[in-house]
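Please open the model in the viewer and follow the selections below in order.

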Amino acid sequence: MSKSSSGTLYRGREGMWSWVGHRVTGVVIFFFLLVHVLDTALVRVDPDAYDAVISAYKNPLMALGEFGLVAAIMFHAFNGLRLILVDFLKQGPKIQRQLFWTVMVVWVVAVVGFGARHLTLAFTGGGH
Amino acid sequence: MSTNVAEPASKVEIKAGSGDAVESFDITLKVRRFDPEISDEAHWDVYKLTMYGTDRVLDALHRVKWEEDGSLSFRRSCAHGVCGSDAMRINGRNRLACKTLLKDLDTSKPITVEPIKGLPVEKDLIVDMEPFFQSYREVMPFLITKGHEPAKERFQSQEDRERYDDTTKCILCAACTSSCPVFWTDGQYFGPAAIVNAHRFIFDSRDDAGDMRLEILNDKEGVWRCRTTFNCSEACPRGIQVTKAISEVKQAILTRSI
Amino acid sequence: MQVHQYDVVIVGAGGAGMRAAIESGQRARTAVLTKLYPTRSHTGAAQGGMCAALANVEEDNWEWHTFDTIKGGDYLVDQDAAEVMAKEAIDAVLDLEHMGLPFNRTPEGKIDQRRFGGHTRDHGKAPVRRACYAADRTGHMILQTLYQNCVKHNVEFYNEVYVLDLLITETEATREDGTAYQQKHVAGVVAYDLSTGEISVFQAKSVVFATGGAGKVFKTTSNAHTLTGDGMAIAFRRGIPLEDMEFVQFHPTGLAGLGILLSEAARGEGAVLRNSEGERFMERYAPTIKDLAPRDIVARSMANEVREGRGCGPNKDYVLLDLTHLEPAHIDAKLPDITEFARTYLGVEPYTEPVPVFPTAHYVMGGVPTNIKGEVLQDNDTVIPGLYAAGEVACVSVHGSNRLGTNSLLDINVFGKRSGIAAAEYSKTAEFVALPENPEAFVEGLVAHVRDNDGAERVAAIRKDLQETMDANMQVFRSGDTIAKALSDIEELRERYLNIGIQDKGKRFNLDLLEAIELGFLLDLAEVMTVSALHRHESRGGHYREDFPNRDDANFMKHTMIYKDENAETEGVKGMRFDTKPVVFTRYEPMERKY
Amino acid sequence: MTAQIDAPRAKRIDPKYNRARKSRNNFEMMAWLFMRLSGVVLVVLIFGHLISNLLVGQGVHAIDFGFVAGKWASPLWQIWDLTMLWLAMLHGTNGVRTIINDYAEKDRTRFWLKTVLYVVAAFTVLLGTMVIFTFDPCISETFAKSLPLQCGAGA
Ligand SMILES: Cc1cc2nc3c(=O)[nH]c(=O)nc-3n(C[C@H](O)[C@H](O)[C@H](O)COP(=O)(O)OP(=O)(O)OC[C@H]3O[C@@H](n4cnc5c(N)ncnc54)[C@H](O)[C@@H]3O)c2cc1C
Ligand code: HEM
Ligand code: SF4
Ligand code: F3S
Ligand code: FES
């Protein structure tokens with residue numbers, strides 16, 4: 001196809017951007033999952049190594065990363081539920097935009113809630 | 001059947017019509033140009049025009065073509081949104097140029113006009129529609145009936161007729177298919193327009209080949225590639241609930257297999 | 001140059017072309033050449049309906065339909081043709097239904113029908129429900145259904161291929177009465193491929209012209225930009241006469257200033273016209289059927305209201321179409337598209353506000369003369385074997401001097417089908433006519449001339465001037481003076497046309513070039529229209545002359561025939577020959593046309 | 001500069017526009033359905049997992065070998081994590097498969113990317129399964145002491 005078909009970005013709306021988000025978060029989670037299975041596998045090999053790796057997760061910087069990951073999972077999860085509703089509810093396609101904004105609200109609330117808890121735990125050093 | 005309406009009054013009070021003269025304003029039109037006879041690269045051309053309140057993007061393009069640069073090429077015919085010739089990307093979204101009033105756009109910024117995405121560009125705003133029509137033809141977009149043709153019309157209840165009304169409105173403008181991020185990727189996806197036109201027959205009570213069409217759309221390039229991004233529904237100039245139609249086809253395939 | 005051979009070549013993929021293709025494609029090797037993708041054809045813009053005396057909702061029969069057609073056409077209709085059309089209308093509608101057309105339905109599930117202008121029960125007693133419809137998208141559904149069936153039957157299309165010439169050869173022949181004449185034969189067409197700029201020859205045993213109308217001669221029109229009368233002009237340039245070209249229909253309800261059509265179906269569903277005083281003025285002009293009078297009458301009444309100062313708006317130059325007494329739900333069910341046009345293009349909400357409307361050039365009643373088989377005539381009665389025409393390009397003449405609403409969608413189906421069958425059948429027994437020498441030479445010359453000319457005149461400017469003079473002088477009201485003015489303007493524009501220059505010199509998608517060629521067609525047709533109009537010293541149907549306000553059956557109950565002829569001169573125009581052709585009467589005597 | 005103009009469109013359908021070989025079976029439908037069903041289940045599983053690991057008590061700070069060992073001492077959590085692993089991996093793998101199908105431009109690239117994907121996914125699933133099933137809390141000495149009976153150590 002000729003190069004000229006590129007041009008400005010398509011200005012999609014909620015539907016398209018939520019799909020971009022869904023796709024990106026899906027891939028991010030997938031790669032995390034691969035790593036996560038690997039690190040968890042260490043429990044089978046050497047408990048100390050496992051603890052060492054896990055303690056890395058407890059570092060405040062990593063906590064931010066975890067926070068991001070959980071936010072991604074939550075977005076993917078909530079939006080995934082929205083997609084399922086859109087697919088199976090009779091009124092789904094009609095109310096997709098409302099559903100999207102509901103997802104956003106729930107997501108923000110959940111992320112803020114989780115963040116408050118998780119980040120305080122991480123930065124106050126918790127029990128250990 | 002037409003309902004009977006009360007005979008209208010012979011004389012009524014007419015409100016003093018909104019007598020405002022049509023206002024004029026200046027716009028900047030940024031058009032993506034491409035002519036392989038001149039260069040392999042596309043570029044933007046910018047035009048400054050004075051236009052009027054009832055003018056549409058198509059009028060602006062005509063103004064350029066007729067008064068400034070005759071080589072600007074685009075398709076158009078009916079000029080009122082029924083023939084489907086002039087789908088293009090206006091300010092980043094697929095629209096019909098003849099249905100997009102300039103005054104409804106932000107005229108303080110340049111208005112960008114580009115060809116629709118995902119189909120090979122031939123020249124300026126003209127793309128090759130053949131892949132699009134190819135998909136359309138593949139879904140068997142025609143009535144298929146078994147048995148004898150009745151001497152009179154086939155009967156169809158008003159409810160049955162209403163069932164597929166929405167998808168009969170399609171003008172094959174390709175605004176939907178070329179707004180679909182999945183179609184952009186490799187152009188193999190059947191695309192929303194083909195599905196809309198299959199839907200029109202799948203849900204027509206007179207048709208007997210719904211199963212065959214469902215089978216066709218159960219293909220790996222069929223309905224399952226739709227990721228419900230809704231760009232198609234938003235782009236459709238006929239207001240067809242495209243994603244809903246796709247959903248209904250998905251569901252029909254599911255119920256048929258289970 | 002490439003030469004293609006087909007049994008049948010159909011030019012145009014609108015309703016008429018595709019209806020012909022469906023028949024011909026199943027009988028003979030057929031190609032359809034069309035300058036637009038088939039579904040872009042202007043048949044898709046038709047809104048209101050297609051008439052047939054199905055009698056699904058009330059008593060009706062095809063004989064009443066014949067009568068209405070003849071009376072509506074102000075008795076200039078060839079009555080044998082009108083009979084054929086009204087009779088075959090019923091099958092034409094049923095054919096479409098069987099092909100899948102989604103008509104609106106009655107509660108019993110039959111095809112629903114509604115009222116339309118000029119269609120009456122029992123010879124004018126009251127409006128009758130005769131128009132079969134699909135909301136206000138009837139033409140769209142017809143075009144889609146026909147295209148779908150072309151796909152079904154694997155019809156071969158050449159899309160965006162412009163036919164620019166008709167290949168005609170002539171042989172010496174003698175008539176029954178012993179006089180010698182030149183018999184024309186059709187050998188094929190020459191076409192220009194928009195995407196490559198290549199010119200190719202299509203040799204064919206039969207050629208069907210279905211290129212639609214020529215509304216772009218006017219400025220305010222319901223017609224598409226691409227309706228430039230190509231078929232008529234091409235035939236005319238090859239010595240085929242044009243019949244009744246003075247009769248152009250102005251549809252009463254175009255969106256004011258834009259010309260976009262609001263179907264007569266609006267009035268069929270109960271909308272009424274009002275002037276600035278809020279008066280339903282049609283009660284004065286057509287007391288019996290009021291707003292549902294034939295189009296020429298309504299359009300003139302509107303123009304008259306405006307002329308007498310009862311127009312609306314800042315310039316008092318339009319009247320209002322009032323739907324506000326109709327239920328919004330009813331409007332949505334029956335007139336969804338046209339109300340959206342009002343909203344989109346004028347920002348008017350038809351539920352609550354009346355819509356500004358004014359007559360808009362809509363339909364060319366005249367065209368290439370044919371008989372009821374769709375065969376093209378080279379004079380009053382000599383058929384050109386193998387050449388057919390159907391649809392708006394043709395003049396059968398079923399519409400006479402004024403077409404009734406819904407009769408055109410009918411015309412394209414009935415005569416499209418007839419010509420498709422006839423063309424295929426003819427091709428089975430006929431031989432290819434030898435191509436003339438250098439068949440492409442004419443088109444090559446035309447294209448090269450337009451491409452290489454470096455004149456100072458712009459195509460768009462000439463076209464604009466043409467359309468403006470036609471609007472000003474050849475519209476609803478005409479007179480000897482205005483017509484003469486239009487004609488002299490056209491002559492001037494022709495001079496300027498010789499001196500055009502286009503900017504796009506490329507081969508690919510050179511629409512600049514084609515617009516210039518189309519302008520040539522428009523100029524030819526405008527000239528024929530004005531010359532025809534000058535000759536007709538009477539008022540009849542769509543042709544209203546203020547200097548001759550009455551119908552004059554004694555002198556003008558006949559068709560106008562204009563020929564291109566280098567040796568003749570008509571109304572001061574060199575190269576044109578004027579003739580007439582008798583009207584065919586079967587059983588209806590001309591009466592005064594009152595509604 | 002002038003580019004060559006070949007016929008931009010063949011008169012008839014250009015073979016390059018013909019869709020790749022048809023696949024008329026229910027695979028894509030099942031995959032689609034699976035994404036939705038697994039999605040619903042995954043919400044429960046993943047949120048349960050997150051809550052128990054990151055929110056309850058000490059949150060992330062509580063996680064160490066002992067935490068894991070303690071969890072997997074219960075068959076409920078074993079099954080929980082096992083299902084989650086399988087569903088998430090299948091779901092994720094299928095998701096990435098879709099994405100590869102979308103964006104890979106050549107059939108060869110597509111083939112290789114998918115092969116790598118499947119190998120990695122299979123490896124990960126098997127590894128994870130093995131870890132959960134053959135998990136041995138006693139390899140840690142500290143832990144073995146606190147669970148003398150199970151480990152049979154220190155006796
Ligand atoms: C807005 C509107 C509403 C209408 N509503 C009604 C109605 O309700 N009822 C009714 O009966 N009638 C109605 N009419 C009239 C009717 O729709 C038309 O007269 C009819 O559709 C004409 O059909 P056609 O097939 O002759 O031409 P078209 O549909 O115009 O098709 C012309 C075809 O010829 C092709 N063509 C033209 N020139 C060339 C060339 N040089 N080379 C190759 N191809 C060429 C074009 O590509 C096109 O495919 C309406 C018309 C308009 C404009
Ligand atoms: C938490 C619960 C989850 C839900 C409700 C959920 C839901 C969904 C749904 C419905 C889809 C299909 C989207 C579509 O067809 O358009 C999907 C796609 C996907 N999911 Fe999940 N998912 C979840 C968890 C996960 C996890 C844990 C992963 C990673 C391993 C993942 C990775 C993906 C990927 C990569 C896609 C493909 C995205 C695409 O094609 O655009 N998801 N998810
Ligand atoms: S569904 Fe809508 S956007 Fe798509 S082709 Fe049809 S009319 Fe155009
Ligand atoms: S834009 Fe594409 S992804 Fe589906 S909802 Fe429309 S077809
Ligand atoms: S020109 Fe016909 S849809 Fe725009």
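Select D69(B) and S71(B): their side chains are joined by a polar contact of 2.7 Å, a polar contact being a pair of N or O atoms within 3.5 Å, where within protein one must be able to donate a hydrogen and the other to accept it, and residues adjacent in sequence count only if both atoms are side-chain atoms. This is a predicted model, in which local features need pLDDT of at least 70, side-chain atom pairs count only at pLDDT 80 or more, and totals for chains, interfaces and linings use all residues. Residues are numbered from 1 along each chain as its sequence is written, chains are lettered from A and ligands numbered from 1 in the order in which they are written, and side-chain values use heavy atoms, with hydrogens and water left out.

Display the loop between α1 (57-68) and β3 (87-90) of chain B, where D69(B) is found. D69(B) has a relative accessible area of 19% and is therefore buried (under 20%, 1.4 Å probe, protein chains only).

Next, select ligand 1 and the 39 residues around it (a heavy atom within 4 Å). Those that come nearest are S41(C), T43(C), E392(C), S408(C) and L409(C). α11(C) gives the largest share of this shell, four residues, helices being DSSP runs (H or I) of at least four residues and strands (E) of at least two, numbered from the N terminus.

Finally, display the distances to ligand 1. An oxygen atom of the ligand lies 2.7 Å from a polar side-chain atom of E392(C). A nitrogen atom of the ligand is 2.9 Å from a side-chain N or O atom of D230(C).

Conventions
Buried < 20%, exposed > 50% of the residue type's maximum accessible area, 1.4 Å probe, protein only.
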